[in-house]
Amino acid sequence: MDNLTFYIVDVFALEKYTGNQLAVFTNIGELSDGEMQRIAKEMNYSETTFVISPDIREGGYDVRIFTPEQELPFAGHPTLGTAYILQQRIINKPVESLNLNLKVGQIPVTVHYAKQAVEWLWMQQKAPAFNQNLEIDTLAKVLNLDSSEIDNRFPIQEVSTGVPFIIVPLKTHSSLKRIKINKDKYFELVDTTQAKSILVFCPETYYAENDLSVRVFADYLGVPEDPATGSANGCLAGYLAQHSYFGEKPINIRVEQGYEIGRPSLLLLKAEKNADSIEVFVGGKVIMVAKGEFV
């Protein structure tokens, strides 16, 4: 196997070394599934992506996403981070949009520029699917909180835009910051659910310009806490629209994540409920960190 070029980027980053880091491989040649899985394990980021070819196929670029343990059909920060590398290193000229062909299907990404530099990237996720509701007492035990700290005006619900998450509304920032996952209760729960990861949110934030504060826990996938999760926040955007969390107006908000683990992140969410579906968009910044070779 020849040396492989990869790029490291920070996605949903406020500045370098914030957000969620990603490794993107661009010249993978004839790598097998097993070789991609092995490389992802050795890179040891929450996800590593592989651009299968620099050529467009059926209107998009073929991309595979791997965690150290398994391949994923979709993930948010790998989608935006890979789109950024495609624009910067393969297309190498300003484009308004591009498509990524993922296991979940084709995901459109739009690119916004400021003074010819990429400022924001937005992805349109699949329309959210709303699955079972879960009991307050069950999630309170998993989160090591009192049941009264969960906002019972809204359901605890499994939601998916390609990857399912359990969405849990809390009342206060104090509760959000005090979460300590009970691993035995967590694994007991995810044995019974399609979703294996939990997004918890509240309307109080570290910074007044933001609208929600979020934490995401995914021990089942080898990520005790994730600093910035585009797929989970896409599910959250759909959930907020479905349950009129901010009233009947479309969702257009700023979400902070990762502060509790020292990787502060900013995600932009848009969602609008139509007659028969909800459109979901997740946006953020991507910052180049390094280029390297895998030997």
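A residue counts as buried when its relative accessible area is under 20%, as exposed when it is over 50%, and as partly exposed in between (1.4 Å probe, protein chains only). The structure described here is a predicted model, in which local features need pLDDT of at least 70 and side-chain atom pairs count only at pLDDT 80 or more, while totals for chains, interfaces and linings use all residues. Residues are numbered from 1 along each chain as its sequence is written, and side-chain values use heavy atoms, with hydrogens and water left out.

**Salt bridges**

A salt bridge is a side-chain nitrogen of Lys or Arg within 4 Å of a carboxyl oxygen of Asp or Glu. Side chains of opposite charge can pair when their charged atoms come close. The structure holds 11 salt bridges, and the table presents some of them.

| Salt bridge | Closest N to O separation |
|---|---|
| Asp62 and Arg57 | 2.7 Å |
| Arg178 and Glu149 | 2.1 Å |

Arg178 lies in the loop between α4 (173-177) and α5, and Glu149 in the loop between α3 and β10; the pair links distant parts of the chain, 29 residues apart. Arg178 is partly exposed at 44% relative accessibility, whereas Glu149 is buried at 12%. Asp33 joins Arg64 and Glu71 in a network of salt bridges. In the remaining pair of the table, Asp62 is buried at 18% and Arg57 is partly exposed at 41%.

Helices (H or I, at least four residues) and strands (E, at least two) are DSSP runs, numbered from the N terminus. Helix α3 spans residues 136-143, and its buried residues are Leu139, Ala140, Val142 and Leu143. These residues cover an arc of only 160° around the axis, so they lie on the same side of α3; the arc is that of the directions from the helix axis to the C-beta atoms. Contact means heavy atoms within 4.5 Å. The buried residues of α3 pack against several elements, including β9 (129-134), β10 (156-160) and α5 (183-190). In the contact with α5, Thr138, Leu139, Lys141 and Val142 of α3 meet Lys185, Tyr186 and Leu189. After α3 comes Asn144, whose phi is positive, near 60°.
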